[in-house]
Amino acid sequence: MIEISKPETFIGVDPGLTGAIVALNREGQLLWWERMPIHHSKRVDARALFKLFLGGSVRVGVEKVAAIGRGSRASMFTFGGVYYAVLAAIEIAEAPLLLVPPKTWQAVHLKGHRTTDPKNTKDASRSVASDRWPGLREVLAVKSNHDVADAALIAEFTRRSWLMDPTTEVPSS
């Protein structure tokens, strides 16, 4: 019989140069959060990412993104570079990965949450995350910190997914 190790840290990543990373413990309590580590040259610090994902008891969830028609080619290229640097750091750290489409984690966490604009999930995610993790309230009071809320909710989605069935590896593509 194979013994399944019990992960102790669940990390959620909202990718992008202004993205965020949030870690929760097995019980869903906030351990830490930080901004995407970026060099002064506006490149992601892959070494710092690698260190965050290193450890046998880490499970990582990353928002699965796709190209959309908004933004310049340069900004899409930059975003893609950050996204794949995150995925590479996770792979090199040998941390299990769950890619979560935005609509999937939003359906779980934002279900029934009213906003003035149903297409604006940013305010809703800030509100839900503030209620769930009081330690983030001050940070999430600032509208531009919606990425921290998204990363926290992705971490929670990841935590719940692995705790429901730790033997199931979710496809990463």
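This is a predicted model: local features need pLDDT of at least 70, side-chain atom pairs count only at pLDDT 80 or more; totals for chains, interfaces and linings use all residues.
Which residues of β5 point one way from the strand, which point the other way, and are they buried or exposed? Let me answer that at once: Leu 97 and Leu 99 point one way from β5, Leu 98 and Val 100 point the other way, and all are buried, where buried means under 20% relative accessible area, exposed over 50%, and partly exposed in between, with a 1.4 Å probe and protein chains only. In a regular strand the side chains alternate between the two faces of the sheet.

Residues are numbered from 1 along each chain as its sequence is written, and side-chain values use heavy atoms, with hydrogens and water left out.

As an overview, the protein chain has six helices and five strands, taken as DSSP runs (H or I, at least four residues, for helices; E, at least two, for strands) and numbered from the N terminus. Of the 173 residues, 43% count as buried. If we take the contacts with a separation of 6 or more, 60% of them come from residues 24 or more positions apart, a contact being heavy atoms within 4.5 Å.

Turning to the sheet, the five strands form an open arrangement in the order β3-β2-β1-β4-β5, with mixed pairing; two strands pair if DSSP finds at least two bridges between them. The edge strands are β3 (30–35) and β5, each of which pairs on one side only. From one strand to the next, the twist averages 15°. Helix α6 (residues 146–164) packs on this sheet and touches β1 (9–14), β2 (20–25), β3, β4 and β5, and its direction makes about 140° with that of β1; here axes are lines fitted to C-alpha atoms, for helices over the stretch in contact, and angles run from 0 to 180 degrees between N-to-C directions.

Coming back to β5, its pairing with β4 is in the parallel sense, over four bridges. Leu 97 is the bridge partner of Val 60, and Val 100 is the bridge partner of Glu 63.

Glu 63, in strand β4 (residues 58–63), deserves a careful look. Glu 63 is buried yet has no salt bridge, and the nearest side chain of opposite charge, Lys 122, is 9.8 Å away. For charge, Lys and Arg count as positive and Asp and Glu as negative, with His and the chain ends not counted; a salt bridge is a side-chain nitrogen of Lys or Arg within 4 Å of a carboxyl oxygen of Asp or Glu. Leaving out residues up to four places away in sequence, the contacts of Glu 63 include Tyr 83, Trp 105 and Ile 154.

Next, helix α1 (residues 46–53), whose buried residues are Leu 49, Leu 52 and Phe 53. Seen down the axis of α1, these fall within an arc of 90°, so they line one face of the helix; the arc is that of the directions from the helix axis to the C-beta atoms. The face turned away from that buried side carries the exposed residues Arg 47 and Lys 51. Just after α1, Gly 55 takes a positive phi of about 135°.

Finally, Glu 94, in the loop between α2 (73–92) and β5 (97–100), has a positive phi near 60° although this residue is not glycine. Glu 94 is exposed, with a relative accessible area of 69%.
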